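I opened this notebook to record what I looked up in a structure that was new to me. The entries follow the order of my reading.

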Amino acid sequence: MTFTPALALVTGASSGLGALIARRVAERGSDLVLVARRRDRLAELAAELRRRHGVQAHPVVMDLGRPGAGPALLAAMPEEVAHRPLDLVVNNAGFGLYGPLLGQDAERLEEMLTLNVTALTSITRTLLEPMVRRGHGTLVNVASTGGFQPAPGLAAYVASKAYVLHLTEALWQELRRTRVRVTALCPGPTSTEFFDVAGSEHGALGGKVTTPEQVVDALMTALDRRRLPPYLVPDLPNQVQAVAARVLPRRLTLGVAARVLKQG
Ligand SMILES: NC(=O)c1ccc[n+]([C@@H]2O[C@H](COP(=O)([O-])OP(=O)(O)OC[C@H]3O[C@@H](n4cnc5c(N)ncnc54)[C@H](OP(=O)(O)O)[C@@H]3O)[C@@H](O)[C@H]2O)c1
């Protein structure tokens, strides 16, 4: 089947993976709610989606890095779509901080955890409820291959993504008997603005960098299936890394991560 949600919401839609997911979903004729802080970027993308695909696209300019993100987002839903059910929610907004934990700005660290962990949980809790009541809907939480193992140099970031991964896997099991689908999308290093924001170069993470297209193609293919796996790792080398991180001794994966990230 071709998955065509009537109405989808994507957080972090102003760049990178979120913007591409929004484009791919709009191509299929879905109306969209686009959430992020950069007003101009969202307005540009919304105009492009309306023009190219004739869909409704509504920007919601919001800083999700504050407590109560879920209820705040629900209250900010544009009037034109506020009465309509959401068929797809993509919890994608997030950022990383590269470098030793003790070298990081304390406020920025809290901002990251609030966005990556607290806001994602709040949005999940708030927007899943109506889906479960209706017995229909799909939730994608964007985690990372980093969520499979600790990583010196990205310690708090990958810990936040481990949270997203574990939360989503558990939720997958809790909702297994409903018709609501849940998955954690776990990209490996991908060429977006992520590394500029994190204060790192792609090279600092070593290995192969995937393109946003590779990641989003894998997501769209998975969404077309009736059932979603608890987590989804695009690209074979990243799949191998994820499995290895789950089966190898922690000391070994820590040592490898430290070498790759040039930390410790
Ligand atoms: N690229 C990678 O290597 C990689 C790998 C694994 C996982 N991921 C995850 O993939 C997701 C998307 O990242 P990306 O690679 O596409 O990076 P990106 O291009 O930097 O996109 C991040 C998005 O999050 C939004 N955002 C950041 N802070 C926000 C806030 N406080 N409130 C609302 N929106 C906020 C940004 O929009 P505004 O700045 O306009 O608010 C932007 O749209 C993230 O969760 C990231 O952790 C990325």
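Entry 1, the ligand shell. I sorted the residues of the shell around the ligand into 14 nonpolar, 11 polar and 5 charged. In this sorting Ala, Val, Leu, Ile, Met, Phe, Trp, Tyr, Cys and Pro count as nonpolar, Asp, Glu, Lys and Arg as charged, and the others, Gly among them, as polar. I noted that the model is predicted: local features need pLDDT of at least 70 and side-chain atom pairs pLDDT 80 or more, while totals for chains, interfaces and linings use all residues. Residues are numbered from 1 along each chain as its sequence is written, and side-chain values use heavy atoms, with hydrogens and water left out.

I found 30 residues around the ligand, the closest being Ser14, Arg37, Tyr157, Thr190 and Thr192; a residue belongs here if one of its heavy atoms lies within 4 Å of the ligand. Helix H1 (16-27), helix H6 (155-174) and helix H7 (194-198) each give at least two residues to this shell. Helices (H or I, at least four residues) and strands (E, at least two) are DSSP runs, numbered from the N terminus.

I looked up the distances from ligand oxygen atoms to polar side-chain atoms: 2.6 Å for Tyr157, 2.9 Å for Lys161 and 2.6 Å for Thr192. The protein covers 96% of the 870 Å² of accessible area that the ligand has on its own, by the Shrake-Rupley method with a 1.4 Å probe.

I read that the largest cavity holds about 40 Å³ of space. A cavity is a set of points on a 1 Å grid over the protein atoms alone where a 1.4 Å probe fits but cannot get out, and lining residues have an atom within 4 Å of a point. Its volume is the space filled by probe spheres set on the points, which are joined across faces, edges and corners. Helix H5 (residues 106-134) supplies the largest share of the lining, 4 residues. The lining divides into 6 nonpolar, 3 polar and no charged residues; among them are Thr11, Leu64 and Asn91.

Most residues other than glycine have a negative phi. Asp235 sits in the loop between strand E7 (231-232) and helix H9 (236-247).

Key:
Polar contact = N/O pair within 3.5 Å; in protein donor to acceptor, adjacent residues only side chain to side chain. 1 Å grid on protein atoms, 1.4 Å probe; cavity = no way out; pocket = protein on both sides within 12 Å on 5 of 7 lines; lining within 4 Å.
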